[in-house]
Amino acid sequence: MIGWAILFFVIAIAAGITGFFWLASAAAAIAKVLFFVFLVLFIVSLVFGRRGRA
């Protein structure tokens, strides 16, 4: 998941440099959403992954 966020961030940077600002803003928005989804899933896995053995 974090790999996808990094990929869209790189696409946003490349599009911003070349002048495709509409593509850059769309890719940056997708990267931001994917990053926060990754962050939430990471925190949930930390909380529920710490259960003791039965």
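**Exercise 1.** What span should the 17 residues of helix α1 (residues 2-18) have at 1.5 Å a residue, and how far apart are its end C-alpha atoms?

*Solution.* Before starting, note that this is a predicted model, in which local features need pLDDT of at least 70, side-chain atom pairs count only at pLDDT 80 or more, and totals for chains, interfaces and linings use all residues. Residues are numbered from 1 along each chain as its sequence is written, and side-chain values use heavy atoms, with hydrogens and water left out.

Step 1: the expected span of a helix is 1.5 Å times one less than its number of residues, and for α1 that should be 24 Å. Step 2: the end C-alpha atoms of α1 are 24 Å apart, which agrees.

**Exercise 2.** How many helices and strands does the protein chain have, and how does its radius of gyration stand against the globule rule?

*Solution.* Step 1: take helices (H or I, at least four residues) and strands (E, at least two) as DSSP runs, numbered from the N terminus. The protein chain then has two helices and zero strands. Step 2: the radius of gyration, taken over C-alpha atoms and compared with a globule rule of 2.2 Å times the number of residues to the power 0.38, is 16 Å. The rule gives 10 Å for 54 residues, so the protein chain is more spread out than a compact globule. Step 3: look at the principal axes, along which the C-alpha trace spans about 55 × 15 × 10 Å.

**Exercise 3.** Which residues of α1 are buried, and which residues of α2 are buried?

*Solution.* Step 1: set the cut-offs, with buried under 20% relative accessible area, exposed over 50% and partly exposed in between (1.4 Å probe, protein chains only). Of the 54 residues, 13% count as buried. Step 2: in α1 the buried residues are A5, A12 and A15. They cover an arc of only 90 degrees around the axis, which puts them on the same side of α1; the arc is that of the directions from the helix axis to the C-beta atoms. Step 3: the face turned away from that buried side carries the exposed I6, I17 and T18. Step 4: in α2, the buried residues are A24, A27, A31 and L34, and they pack against α1. In turn, α2 (21-48) is included in what covers the buried residues of α1; contact means heavy atoms within 4.5 Å.

**Exercise 4.** How many aromatic pairs does a search of the whole structure find?

*Solution.* Step 1: rings of Phe, Tyr and Trp (its six-membered ring) pair if their centres lie within 6.5 Å; planes under 30 degrees apart count as stacked, over 60 as edge-to-face and the rest as tilted. The search finds two pairs. Step 2: F35 and F36 are edge-to-face, at 5.6 Å centre to centre with 65 degrees between the planes. Step 3: F38 and F42 are stacked, at 6.2 Å and 20 degrees. Being four residues apart in α2, F38 and F42 are separated by about one helical turn. F38 is partly exposed at 26% relative accessible area, and F42 is partly exposed at 40%.
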